[in-house]
Amino acid sequence: EILRMSAAPAAPAAAPAPAKKLFVGNLNFKTTPDELGSLFAEVGEVVNVNIISRGNYSLGYGFVEMKNEEDVARAQVAMDKKELDGRTIHVEVARPRVERAPGEPRPAPRGPRRVPFRGPRGAPPQGNMPPQQGAYYGYGYPAYGYPPQGSYYPQAPYGGRRFAGPRRPRAPRPDAANAPLSKTRLFVANLPFSVTSEQLAQSFADYGVKEAHIAQRRFNGASRGYGFIELNDESQQQNAIAAMNEKEISGRKILVKVGREPIPREAPVETAPAAAEQKTA
């Protein structure tokens with residue numbers, strides 16, 4: 001006897017829930033849920049406000065839930081790029097949360113996956129590279145068995161480094177914590193990341209600014225949130241500290257105190273081959 005089995009018709013997919021939540025980014029870290037809710041209450045009825053935080057510190061973004069879709073569309077148009085507590089907020093419709101069934105794998109992340117280049121396996125050696133099996137890495141070395149130190153390859157495979165010798169030693173970092181206090185230098189912290197060196201100098205223009213600069217990150221030039229100001233004399237330094245400490249700039253209370261003298265970096269230590277050349281000379 002042959003049993004015929006027919007597949008049951010698939011249940012229709014549930015319609016997505018209407019979007020009633022907005023994502024709000026670039027918030028001032030001091031903005032409270034009540035202040036954010038009061039702003040969005042101007043265009044519609046607010047059901048819930050949630051500012052994402054880590055412990056007691058805001059992460060600078062949150063969500064606002066409106067009563068209906070019409071209020072969501074109206075609030076997104078009216079509040080996007082609007083200024084709140086000294087910052088231009090970004091507003092967009094939040095994506096609905098997708099409920100996954102038990103055991104269902106997570107969706108693949110967006111965009112292409114970044115995989116470090118290692119070259120084709122078993123690539124032939126180039127120049128005077130010793131023959132080795134395995135993949136060539138981006139540095140021009142085989143995957144197994146690095147070349148001896150000091151060896152030079154005229155043509156490194158796949159655009160890698162040509163010289164495989166020891167790196168030049170870095171200069172030791174200066175001990176800035178033990179540097180003497182300056183009589184003309186100011187240290188200014190808790191600055192908004194949008195403030196430039198020119199704007200910092202302009203804020204202290206009444207105290208005889210000779211030079212001002214914001215500390216920047218090396219890899220992208222972004223502000224670190226603090227800077228230094230060089231003044232003419234000690235009296236202007238003390239007047240600036242008394243008047244400008246805890247003064248608010250773009251929604252943040254800055255910290256102003258006496259700065260330390262800059263310490264120049266020491267010269268790098270000579271390598272062993274260089275020292276040997278001096279002895280032979």
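**Close-up views of a predicted model**

**View 1. Helix α1 and its buried residues.** Helix α1 spans residues 33-40, and L36, G37, L39 and F40 are buried in it. These residues cover an arc of only 155 degrees around the axis, which puts them on the same side of α1. The model shown here and in every view is predicted. Strands and a helix pack against this buried set. The strands are β1 (21-25), β2 (46-54), β3 (57-66), β4 (83-84) and β6 (90-93). The helix is α2 (69-79).

View 2. D71, V72, A75 and M79 are the buried residues of α2. Their arc around the axis is only 100 degrees, so they sit on the same side of α2. An α-helix has 3.6 residues a turn, so residues three or four places apart point the same way. E70 and V77 lie on the other side of α2 and are exposed. Cover for the buried residues of α2 includes β1, α1, β3 and β6.

View 3. Just after the helix comes K81. K81 takes a positive phi of about 70 degrees.

**View 4. R87, a buried arginine without a salt bridge.** R87 is found in strand β5, residues 87-88. This residue is buried yet has no salt bridge. The nearest side chain of opposite charge is D85, 9.1 Å away. A salt bridge needs a side-chain nitrogen within 4 Å of a carboxyl oxygen. What does the side chain of R87 reach at 3.3 Å? It reaches the backbone oxygen of L27. Leaving aside residues up to four places away in sequence, R87 touches N26, L27, N28, F29, K82 and R252.

**View 5. The whole protein, for orientation.** The protein has five helices and 12 strands. Of its 281 residues, 28% count as buried. Among contacts with a separation of 6 or more, 55% join residues 24 or more positions apart. The accessible surface comes to about 20,300 Å². Carbon and sulfur atoms hold 52% of that surface.

Terms used
Residues numbered from 1 in each chain as written. Predicted model: local features only at pLDDT ≥ 70, side-chain atom pairs only at ≥ 80, totals over all residues. Heavy atoms only, no water. Buried < 20%, exposed > 50% of the residue type's maximum accessible area, 1.4 Å probe, protein only. Helix = DSSP H or I, 4+ residues; strand = E, 2+ residues; numbered from the N terminus. Arc of directions from axis to C-beta. Contact = heavy atoms within 4.5 Å. Areas by Shrake-Rupley, 256 points an atom, 1.4 Å probe, with all protein chains shown as cover. Lys, Arg positive; Asp, Glu negative; His and termini not counted. Polar contact = N/O pair within 3.5 Å; in protein donor to acceptor, adjacent residues only side chain to side chain.
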